[in-house]
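Please open the structure in your viewer and keep the selection panel at hand.

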Amino acid sequence: MHRPAENVSAIADSIFESYRLERRIGNTDGSILPSKEVIGSVCESILELLFPGVYGEEPITSPHLRMVTGHRVRGVVTRLTIEAWKAFQITENRSSAAEIEQAVLRSMKKVPEVREVLETDIEAAYRGDPAAAGHDEVIVAYPFLEAVAIQRVAHLFYRENLPVVPRIMTEWAHSRTGIDISPGTEIGSHFFIDHGTGVVIGETAKIGSNVKLYQGVALIARSLSAGQALHGQKRHPTIEDNVTVYSGSSIMGGDTVVGAGSTIGANVFLTHSVPPRSVVYFDKGKLQIRSKDNRPGGVIEDWAI
Amino acid sequence: MHRPAENVSAIADSIFESYRLERRIGNTDGSILPSKEVIGSVCESILELLFPGVYGEEPITSPHLRMVTGHRVRGVVTRLTIEAWKAFQITENRSSAAEIEQAVLRSMKKVPEVREVLETDIEAAYRGDPAAAGHDEVIVAYPFLEAVAIQRVAHLFYRENLPVVPRIMTEWAHSRTGIDISPGTEIGSHFFIDHGTGVVIGETAKIGSNVKLYQGVALIARSLSAGQALHGQKRHPTIEDNVTVYSGSSIMGGDTVVGAGSTIGANVFLTHSVPPRSVVYFDKGKLQIRSKDNRPGGVIEDWAI
Amino acid sequence: MHRPAENVSAIADSIFESYRLERRIGNTDGSILPSKEVIGSVCESILELLFPGVYGEEPITSPHLRMVTGHRVRGVVTRLTIEAWKAFQITENRSSAAEIEQAVLRSMKKVPEVREVLETDIEAAYRGDPAAAGHDEVIVAYPFLEAVAIQRVAHLFYRENLPVVPRIMTEWAHSRTGIDISPGTEIGSHFFIDHGTGVVIGETAKIGSNVKLYQGVALIARSLSAGQALHGQKRHPTIEDNVTVYSGSSIMGGDTVVGAGSTIGANVFLTHSVPPRSVVYFDKGKLQIRSKDNRPGGVIEDWAI
């Protein structure tokens, strides 16, 4: 069968024409969306501000560090103000560039407080993980710290009601760490996530102090079929102080409270509150073990369900 | 114990000599493998073509956008033709550069159609997630969209029988999003994956319209011990229209069909078909909850299995 | 409510002052931590050394490859010696730069042996996955190979007792692949991880030959509340030869041994040893399936737990 040769220009034209159609991803109203690349570079600057000498090329001992710090703050404020301004254009609210800049500045003013809380997270990781050789290893090697550091700063912008940008920040960290924490989540001190890949923490979850999570833990919403009708309501659980949740467990629902001092075993699916100091686990009576060598007829299956 | 000093040149020579051995990763037949870096840059260009103004530096309002679009298409076609040509050298099939270029062009001609389907995916995400403040937030912040956009384009190349390159494309997206969709998977409209990390969707899976998956869902093959003997057969399940699968569930087998309108609960392991409008979940009678304070002898374990 | 304007310089000063406080992340003792960026670039060079022509821009057929190989080895040795030297400054042990360089050189001398073992990993992936069209596809497209390649080299440095740096290397691969293998893990030949996202393998795990893991498998430690007291003890399981572990299963404890030839089903939580040739799975009697159309009163819930 003969097929006619395709032509690059014609293809480019048809793609270009599709941008002009009245559709969402054509941006035909001329709105300019925030740039993922720029916000990613802002996240890198924020890590440099939080952990100088670890991120970025300027050693902590540099005589230029004060000047470099000023440069970094200025760069974050300028870029975030522009990106947040773009984000406001695609929402129903409006805010002037001057107001946005003040909101960014108020948030950045709290960076020293964020550094104090991150100290407690590092301490919790060191205490909780026998593989950690020291606090510094936590800083340079543990992915949860990157995810939590970005979330704690993004949460400042979230509380200033800057739209979309905080979420792009936490998704930047999600992409690097496999840890997906909403910028809306409230998190206490001494927070530690071990390994981390697959962790999901929803927008309205509340997490107390000294909480430890393992990989694959999800703090999620119930009744998701209601969709947009639930926007703004508390949909995700509350985890009180001194709780440990082992790998792969999901805790669901906005009125679910895991009481202080509780331990949730692995692969638990918990949809209601438990009192303080609970231990929650699956009955282990159901694990089946048989030998491949005792099959009737001598047939050995590698795996059959 | 005295150890003799090692020498950089001697080490380099021994590594270099190992390249000349008759082994796979020595490439001693002179074959040149496709470059992951180049295909990664092609994926970036494809995202720029699909979502101009969001990816890439050219604003959607730019008077240069038509020219830039042509430049992007040309770049994708040139680079993919070269990489696919390399890929053909390592398979048993052969194809001329001219034939490969035509296959790439035929695929790229369908990019406007892919954009139409992606509109429906964005709509599904907005409808399904109360955390989404608007359609634009989905475009700039939701990782599933990046994974699905790359998969939908890679699937065009897969259907043109271009070897290896489509898989490198979806693995590029997997690395960024934690979502692993084979380029072979057929996916209907209005597809949404929430959170996404840990999702695995196999080569011969078929997914209807209005399907919603959560993080950690796997659509996988049975009897994997048969290995290469199964190459080309339908090994992965079929998910009909309007199905939701909650987090961590695995659905297995090429003849497994999840009927339209069904809901699969979290952490289910399903290995057979279910009729339309089924609800599938684990019996919840087995969750054990005890207090840490009521242990005989007063001993409190933090965790014991 | 009037809020006073914030000032970039004042904010930068307060952040800078926070670096001078007596805290861990202030690095006030002048210690310089290893750079994640530099160690990431070392990992890229190591992939180029292991898989020339696939990673890096120099084709395998290049007449310059011998020279390029020498340059790459020299670059790795120089950068790793410096970063490991920094890492020693933050531990209780000390080592001279000359001793560190010799340890790095001794490790690099074993790169050809690592290449030989990686050949067996590629062979195992090709044999085990019907989706693989050939060995070369495994090399260019399978994320597990990147994670295992970096782990096998990092393990050489780990055995030379270089602190922190090996862990930063495996976390670099974790970020790219979602596969988290400790540099301490001992791994036999013909190792294959399919899909891989969410896999966690602890520091003292031992893995035999011909072991195959799926996404989300965790080889983890028991009694983690003991924390630092367990540093250095065997805390993670032993997996003997020819074992397959399906997706989402966790195997726990330093004295847990999975006997040779065993198969562990999906989503199993195993906390004790099983003899050779065991098949371990959950009783499947507990899956509940009901129709949405047979609800008393005619009410149809989409999902209710």
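**Stop 1: a helix pair**

Select α2(B) and α8(B), which are therefore roughly perpendicular to each other (angles of 65 to 115 degrees count as such, under 35 as roughly parallel, over 145 as roughly antiparallel and the rest as oblique). The axes of α2 (residues 36–50) and α8 (residues 165–177) of chain B come within 9 Å and cross at roughly 70°; axes are lines fitted to C-alpha atoms, for helices over the stretch in contact, with angles from 0 to 180 degrees between N-to-C directions. Helices (H or I, at least four residues) and strands (E, at least two) are DSSP runs, numbered from the N terminus.

Next, display the side chains: Lys36(B), Ile39(B), Gly40(B) and Cys43(B) of α2(B) meet Val165(B), Ile168(B), Met169(B), Trp172(B) and Ala173(B) of α8(B). Contact requires C-beta atoms, placed from the backbone, within 7 Å.

The model is predicted: local features need pLDDT of at least 70 and side-chain atom pairs 80 or more, whereas totals for chains, interfaces and linings use all residues. Residues are numbered from 1 along each chain as its sequence is written, and chains are lettered from A and ligands numbered from 1 in the order written.

**Stop 2: two domains**

In chain A, select domain 1 (28–179) and domain 2 (198–283), with bounds from an automatic or database domain assignment. Their C-alpha centres lie 26 Å apart, and four residues of each domain are in contact with the other.

**Stop 3: chains B and C**

Finally, select 63 residues of chain B, which are in contact with 65 residues of chain C. On the chain B side, α1(B) gives the most, with nine residues.

Key: Contact = placed C-beta atoms within 7 Å.
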